Amino acid sequence: MSKTADDFAAEHPDDHLAAVDARLIDHHPTVPAEEIRRLRREESSRLAGSRITSFAAILVERATRRRLAGGL
């Protein structure tokens, strides 16, 4: 049986989220890194238990960016 995109995403979710953290920290140098990580963890927890995980990191990053920009 071949693997789906969700299978690949589910195998290393921490790698994807670490990359999200790094991008957000680079993009928002005036915001403390721990604050960015806290916001990202909150957004990640919203999707915890989702059946489809292929785009979870993208959705988490977008939601966190909106919060950092004052959108939420």
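In what order do the elements of the protein run from the N terminus on? They run α-α-α-α, and the protein has four helices and zero strands, where helices (H or I, at least four residues) and strands (E, at least two) are DSSP runs numbered from the N terminus.

Before I go on, a word on the basis. This is a predicted model, in which local features need pLDDT of at least 70 and side-chain atom pairs count only at pLDDT 80 or more, while totals for chains, interfaces and linings use all residues. Residues are numbered from 1 along each chain as its sequence is written, and side-chain values use heavy atoms, with hydrogens and water left out.

Let me start with the protein as a whole. Of its 72 residues, 22% are buried; buried means under 20% relative accessible area, exposed over 50%, and partly exposed in between, with a 1.4 Å probe and protein chains only. Among contacts with a separation of 6 or more, 57% are between residues 24 or more positions apart, a contact being heavy atoms within 4.5 Å.

Now to helix α4, which covers residues 56–68. Its 13 residues reach 18 Å from the first C-alpha to the last, close to the 18 Å expected, and that expected span is 1.5 Å times one less than the number of residues. The buried residues of α4 are Ala57, Val60, Glu61, Ala63 and Thr64. Just after this helix, glycine 70 takes a positive phi of about 90°.

Is arginine 40 buried or exposed? Arginine 40 counts as buried, because its relative accessibility is 10%.

Next comes the loop between α3 (33–46) and α4, where leucine 47 is found. Leucine 47 has a relative accessible area of 28%, and is therefore partly exposed. Not counting residues up to four places away in sequence, leucine 47 touches Ala56, Leu59 and Val60. From leucine 47 to alanine 57 is 10 residues in sequence and 9.6 Å in space, C-alpha to C-alpha.

Phenylalanine 55 also lies in the loop between α3 and α4, and phenylalanine 55 counts as exposed because its relative accessibility is 53%.
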